[in-house]
Amino acid sequence: MQERTLYERLGGVDAIALVVDRFSDQIVTNPKLNVNPALKEYNEKGNLPSLKFMRTLWLCAAAGGPFSYTGRELEEAHEDLHITSEEFDEVGAEISRALDYFNVPEPEKQEVLGAIVARKAEVINPSR
């Protein structure tokens, strides 16, 4: 019997979209992330629905699902946001809390967080 993908173990696109929806809403209101003027400005532009869609696509693809991420490369997408290592870690904490909220089992939670942490160097660009 073939091992199930992380995508399948997470519950597919609907379950992933719920997690993305939750952490995306929390990121916008997190005071630690609103210190960064570029992030604050971006969050106030009304891009959240499309951002949630792209985050869902990215996570589905990273988890081995049947979707392809069609957005910009992570480095390019985050370039003007000047995200620090600490801010990246705080976003990771919000993702972790969302996974906990939906009772994602620890092995799957760690796989999701590992996939995100593996891309940290592409996201951080702290020069402000």
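Helix 6 (residues 85–101) packs against helix 7 (residues 106–117) at an angle of about 160°, their axes lying 10 Å apart. Helix 6 is therefore roughly antiparallel to helix 7. Angles under 35 degrees count as roughly parallel, over 145 as roughly antiparallel, 65 to 115 as roughly perpendicular and the rest as oblique. The axes are lines fitted to C-alpha atoms, for helices over the stretch in contact, and the angles run from 0 to 180 degrees between N-to-C directions. Helices (H or I, at least four residues) are DSSP runs, numbered from the N terminus.

The model is predicted: local features need pLDDT of at least 70 and side-chain atom pairs count only at pLDDT 80 or more, while totals for chains, interfaces and linings use all residues. Residues are numbered from 1 along each chain as its sequence is written, and side-chain values use heavy atoms, with hydrogens and water left out.

**Two helix pairs**

Helix 6 passes helix 7 in a right-handed crossing. A crossing is right-handed if the near helix is turned clockwise from the far one by less than a right angle, and left-handed if anticlockwise. On the helix 6 side, Phe 88, Gly 92, Ile 95, Ser 96, Leu 99 and Asp 100 meet Lys 109, Val 112, Leu 113, Ile 116 and Val 117 of helix 7. Contact here means heavy atoms within 4.5 Å. By class, the residues of this contact between helix 6 and helix 7 are seven nonpolar, two polar and two charged. Ala, Val, Leu, Ile, Met, Phe, Trp, Tyr, Cys and Pro count as nonpolar, Asp, Glu, Lys and Arg as charged, and the others, Gly among them, as polar.

Helix 2 and helix 4 pack at an angle of about 130°, with 9 Å between their axes. These two helices are therefore oblique to each other, and their crossing is right-handed. Helix 2 contributes Val 13, Ile 16, Ala 17, Val 20, Asp 21, Phe 23, Ser 24, Asp 25, Ile 27 and Val 28 to the contact, and helix 4 contributes Leu 48, Lys 52, Arg 55, Thr 56, Leu 59 and Cys 60. The contact of helix 2 with helix 4 has ten nonpolar, two polar and four charged residues.

**Buried residues and their partners**

Asn 30 is placed in the loop between helix 2 (12–29) and helix 3 (37–43). Its relative accessibility of 5% makes Asn 30 buried; buried means under 20% relative accessible area, exposed over 50%, and partly exposed in between (1.4 Å probe, protein chains only). Beyond its neighbours within four places in sequence, Asn 30 is in contact with Glu 90, Glu 94 and Arg 97. The side chains of Asn 30 and Glu 94 are joined by a polar contact of 2.7 Å. A polar contact is a pair of N or O atoms within 3.5 Å; within protein, one must be able to donate a hydrogen and the other to accept it, and residues adjacent in sequence count only if both atoms are side-chain atoms.

Glu 87 lies in helix 6 and is buried, with a relative accessible area of 7%. Its side chain makes a polar contact of 3.1 Å with the side chain of Asn 36.

Leu 57, in helix 4, is buried at a relative accessible area of 11%. Not counting residues up to four places away in sequence, Leu 57 touches Phe 67, Ser 68, Tyr 69 and Thr 70.

**Pairs separated along the chain**

The table gives C-alpha to C-alpha distances.

| Pair | Separation in sequence | C-alpha distance |
|---|---|---|
| Leu 57 and Phe 67 | ten residues | 6.4 Å |
| Ser 85 and Pro 126 | 41 residues | 7.6 Å |
| Arg 72 and Asn 125 | 53 residues | 16 Å |

Ser 85 is in helix 6 and is partly exposed, with a relative accessible area of 26%. Leaving aside neighbours within four places in sequence, Ser 85 is in contact with Lys 120 and Ile 124. Arg 72 is found in the loop between helix 4 (48–62) and helix 5 (74–78), and at 47% relative accessibility it counts as partly exposed.

**Positive phi values**

Most residues other than glycine have a negative phi. His 82 is not a glycine, yet has a positive phi of about 50°. His 82 is in the loop between helix 5 and helix 6 and is partly exposed, with a relative accessible area of 22%. Asn 103, also not a glycine, has a positive phi of about 55°. Asn 103 is in the loop between helix 6 and helix 7 and is exposed, with a relative accessible area of 64%.
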